[in-house]
Amino acid sequence: MWGFESPLPHQPHEAMDDRAARYDRQIRVPEIGAAGQTRLGEACAAVVGLGALGSVGADLLARAGVGRLILIDRDVVDWPNLQRQTLYVEADAEQARPKAEAARARLAAVNSEIRIDAHAADLEARNAARLLDAADLVLDGTDNFATRWLLNDWAVSRARAYVYAGVVATYGMVGAVLPEGPCLRCTWPEPPDAAGEPTCRSAGVLGPAVAVIAGLAAGEAIKILAGRSDAALRGFLHADLWTHEVRSIRAERDPACPCCTARRFDWLDGRRGARTAEAVCGGNAVQVPGSGSAPDLAAIATRLQGSVTAMRAEAGWLRFQARDLEVFLFADGRALVRGTEDPARAYALLAETVGS
Ligand SMILES: [Zn+2]
């Protein structure tokens, strides 16, 4: 009735063939090929931070068929995220869903054939081994230098790969740290002073700049996981979407590197980078670190009954409203207080409600 030959009815076996062909266009790229695709399917990548860079990166890795993804994020979805954090939709912001949970649901719908483990957690020294050690590679979606120096420590100590990524305003940088080095600290022995660095809150960030940098980073991750580390970046690449300036930063192994030469893992050992209460980059919220023990969320919920509003308990987190602030308590002991950027206000409200 459309004026051309009616196609044959769709056969079930054709549907199966269609499914089996999902990676066809990637396998046709000779640099990947069937062998590279098989390696991707056997690989495990951790994506740390599921904001802008992590959204784009995790989506690309899931679609590429990386067999197992470990997703780690400490935050919940908020309206200012939607401009660039492509895994989330309005309903996620409306419900302030934890990003790890919303990302897992979205990526499971994108690719049901891969394994996805999601953790609503703040990656730090005391949980890094538990959360990361199954990974062959960690992809950087973080918003702070302490976590990046921790990822570098983890990668060097385990002889795994770390793909660095950072973006702000219209520019960003990617880099690859491979077991044979050089590592991040060969080039930058110390993290920059965070107070002097622009953030996505202070300087903003363009969605296309995120896509460019996250695309470059995911490309490095796919090369490495497909067994083509020979084609990975040796050093760093800085790109500015506004000025079109792209420049390489050569990296060389530093024979005096405190990390890959002296094998001191200050961030992984917890000697440095200890968490303090801090405003999170994504929005109007303060994260208060846990004491290390897991709270009894059910008991806290019972105790708070009647004294707070809009309480909701889910596996792994408890949420409630008190005064004009919203509190999330997570199973790992952390709290996220939304509606303020003042750590003192966050601490005061927690003391008043949860009692710690
Ligand atoms: Zn080094």
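1. Two strands are taken to pair if DSSP finds at least two bridges between them, while helices (H or I, at least four residues) and strands (E, at least two) are DSSP runs, numbered from the N terminus.

2. Residues are numbered from 1 along each chain as its sequence is written. Because this is a predicted model, local features need pLDDT of at least 70 and side-chain atom pairs count only at pLDDT 80 or more, whereas totals for chains, interfaces and linings use all residues.

3. Glu326 stands opposite Arg338 in β14. Axes here are lines fitted to C-alpha atoms, for helices over the stretch in contact, and angles run from 0 to 180 degrees between N-to-C directions; residues are in contact if their C-beta atoms, placed from the backbone, lie within 7 Å.

4. The other sheet to consider is also open: its eight strands follow the order β3-β2-β1-β4-β5-β6-β7-β8, and the pairing is mixed. At its edges stand β3 (115-120) and β8 (246-250), each with a single partner strand, so one side of each is left without a neighbour in the sheet. From one strand to the next, the twist averages 15°. Six bridges pair strand β6 (residues 171-177) with strand β7 (residues 235-240) in the antiparallel sense, and Met173 stands opposite His238 in β7. Helix α6 (residues 99-110) packs on the sheet, touching β2 (68-73) and β3, and its direction makes about 165° with that of β3.

5. Helix α4 (residues 52-64) packs against helix α11 (residues 207-225) at an angle of about 40°, their axes being 9 Å apart. That makes α4 oblique to α11, given that angles under 35 degrees count as roughly parallel, over 145 as roughly antiparallel, 65 to 115 as roughly perpendicular and the rest as oblique. The crossing of α4 past α11 is right-handed (a crossing is left-handed if the near helix is turned anticlockwise from the far one by less than a right angle, and right-handed if clockwise). On the α4 side, the residues that meet α11 include Leu53, Val56, Gly57 and Leu60, and among their counterparts in α11 are Val210, Ile213, Gly215 and Ile222. By class, this contact of α4 with α11 has 14 nonpolar, two polar and no charged residues, where Ala, Val, Leu, Ile, Met, Phe, Trp, Tyr, Cys and Pro count as nonpolar, Asp, Glu, Lys and Arg as charged, and the others, Gly among them, as polar.

6. Helix α4 also packs with α6, at an angle of about 30° and with the axes 9 Å apart; the two helices are therefore roughly parallel to each other. Here too α4 passes α6 in a right-handed crossing. Ala58, Asp59, Ala62 and Arg63 in α4 meet Ala103, Leu107 and Val110 in α6, and by class the contact has five nonpolar, no polar and two charged residues.

7. The chain is divided into domain 1 (12-250) and domain 2 (284-353), bounds that come from an automatic or database domain assignment. Their C-alpha centres lie 29 Å apart, and eight residues of domain 1 are in contact with 10 residues of domain 2. By class, the side of domain 1 that touches domain 2 has four nonpolar, no polar and four charged residues.

8. Two backbone details deserve a look in the model. The peptide bond from Gly181 to Pro182 is cis, with omega near -5°, and Pro182 is found in the loop between β6 and α9 (184-187). Ala169, although not a glycine, has a positive phi of about 55°, and this residue lies in the loop between β5 (161-168) and β6.

Definitions and conventions
Two residues are in contact if their C-beta atoms, placed from the backbone, lie within 7 Å.
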